[in-house]
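Me: Hi! I'm new to this one, could you walk me through how some of its helices pack?
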Amino acid sequence: WTTSRTGKLREPTALRLAEGGRKFIKVTKHYSNITYENEDIEGWVKMAKAFENAGIDANELNMCCPNMSFNVETTGEKIAKCTGASMGMREDLVSAVVRAVKAETKVPLCVKLTPEGGRIAAVARAAYEAGADMVACVGNRLGIPPIDLEDPTGSPFHNQEDPSITCLSGPWLKPLGLRDVFEVRKLVGPHQSIIGYGGMSRWNDYIEMSMMGADLIGMCTETMIRGYNFLYKEMARVKKYMEDHKYATFKSMRDTMVPEMKTAQTLRLGTAVAKVKTDTCTGCDLCIPIGHCYAITMVPGVGHPQKNRVGKVALVDPYKCTACSTCFDVCPFDCFGSFPGYFCCFF
C-alpha cells in the first residue's frame with residue numbers, strides 16, 4: 001500500500017500490478033506474496049481476498065521474511081506480535097492463518113516458511129493439515145553482512161545509513177535450501193506439493209532441487225542480477241538433461257535422491273586409497289599443503305608433457321593415505337583418479 005506526497009492513500013500498487021498482469025499472461029501463472037494488514041488474522045484474510053479479486057492464480061503467505069519481527073527478536077528486544085520468520089516457526093500461528101484464509105478464498109494457497117529455528121518440516125506438516133495446498137522453502141536467512149574494516153560502524157548497503165542484521169540470499173544458500181526441501185519431503189511424504197527456493201541460479205540447481213523433493217522451483221536473487229532472459233537458456237539445458245537421461249516429465253525426476261540419503265551412522269565408506277595420474281600432473285603443489293595429509297610428496301617426474309614445467313609430480317604413499325578425498329577436491333587438473341587396486345573412497 002503506498003501513499004502520495006500529500007499523505008493520501010493511493011491505489012494499492014501490488015493490486016494494480018496483479019490486475020495489469022492478467023493482460024499479458026497467456027500460459028504462465030502469477031500469484032501474490034502477501035503478509036497482512038493490521039497484523040491480525042483478519043488482515044491476512046483481507047489481503048488474500050483482495051489479491052484473489054485482482055485475478056491472481058494463487059496466494060502465497062510470507063512467513064519466512066527474517067527482516068520482520070525476527071530481526072527485532074534476534075537483537076534481544078521484545079515484540080508485540082510475531083510476523084515473518086517469527087510466525088513461520090510456530091505451528092499454531094501458521095495453522096490459524098491458513099485455516100482463516102482457506103475459509104474465505106478459493107484460489108490455491110501456498111505458505112512460504114522459514115528455516116530459522118530448525119523446525120521447517122514440522123511447521124510445513126501443520127500448514128498442510130490446516131489446509132495449505134503447498135509450502136515454499138526457503139527464501140533467505142538472517143545474517144550479518146560483510147563489515148567494512150575501514151569504517152566498521154558504517155552501513156555496508158548503499159541505501160541505508162546504519163549497520164544491521166539483514167536478509168541474506170544468493171547461491172551460497174543452495175546446500176541449505178536443498179536440505180530444507182528434503183526435510184519437508186521426508187516428513188510429509190510424496191503427495192504434498194513443495195516449492196524449492198534458496199540459491200537457485202543455474203539449470204543443474206533446478207534439477208537437484210527437484211531430486212530432493214521440489215515440484216516447483218523459485219528464485220529471486222538471480223533474476224535481480226541477470227533479468228529474466230537467462231531462463232530460456234537454462235530451461236533448454238534442463239530439457240536436454242531430461243532427454244539425455246530419459247526423464248519424460250520434470251515431475252519424474254522428483255524425489256530421486258530422497259530415499260537414497262543416508263545418515264552418518266549408516267554410510268558405507270570405502271577402504272581403498274588414492275593414486276596420482278602422473279601423466280596429467282602439472283606439479284602445481286596444491287595438494288601438498290592439505291592440513292591433515294602426510295601421504296603426498298613431490299618427486300622427480302615428467303608429468304603433463306605441456307603443462308608440467310617443474311619436472312616434479314605428486315606421489316601418494318598408500319600406507320599413509322586415509323582416503324579422505326581432499327586431494328580430489330583441491331586438484332584443478334583432475335590428477336587424482338581410480339586405478340586397479342587404488343581408489344579414493346568418494347570417487
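This is a predicted model: local features need pLDDT of at least 70, side-chain atom pairs count only at pLDDT 80 or more; totals for chains, interfaces and linings use all residues.

Me: What numbers describe a pair of packed helices?
Reply: The angle between their axes, along with the distance between those axes.

Me: Okay, at what angle do H6 and H7 pack?
Reply: At about 50 degrees, and their axes are 8 Å apart. H6 covers residues 120–129, while H7 covers residues 174–188.

Me: Is the crossing of H6 and H7 left-handed or right-handed?
Reply: H6 crosses H7 in a right-handed way.

Me: Which residues meet there, between H6 and H7?
Reply: On the H6 side you'll find Ile120, Ala121, Ala122, Ala124, Arg125 and Tyr128. Their partners in H7 are Asp180, Glu183, Val184, Leu187 and Val188. Sorted by class, this contact has eight nonpolar and three charged residues, with no polar ones.

Me: New topic: how do H8 and H10 pack?
Reply: H8 (residues 203–211) packs on H10 (residues 230–244) at about 55 degrees, with 8 Å between the axes. H8 and H10 are therefore oblique to each other, and their crossing is right-handed.

Me: And which residues of H8 and H10 meet?
Reply: Trp203, Tyr206, Ile207 and Met211 come from H8. H10 brings Phe230, Leu231, Glu234, Met235, Arg237, Val238 and Tyr241.

Me: How many nonpolar and charged residues are in that contact of H8 with H10?
Reply: Nine are nonpolar and two are charged, and no polar residue takes part.

Methods:
Residues are numbered from 1 along each chain as its sequence is written. Side-chain values use heavy atoms; hydrogens and water are left out. Axes are lines fitted to C-alpha atoms, for helices over the stretch in contact, and angles run from 0 to 180 degrees between N-to-C directions. Helices (H or I, at least four residues) and strands (E, at least two) are DSSP runs, numbered from the N terminus. A crossing is left-handed if the near helix is turned anticlockwise from the far one by less than a right angle, and right-handed if clockwise. Contact means heavy atoms within 4.5 Å. Ala, Val, Leu, Ile, Met, Phe, Trp, Tyr, Cys and Pro count as nonpolar, Asp, Glu, Lys and Arg as charged, and the others, Gly among them, as polar. Angles under 35 degrees count as roughly parallel, over 145 as roughly antiparallel, 65 to 115 as roughly perpendicular and the rest as oblique.
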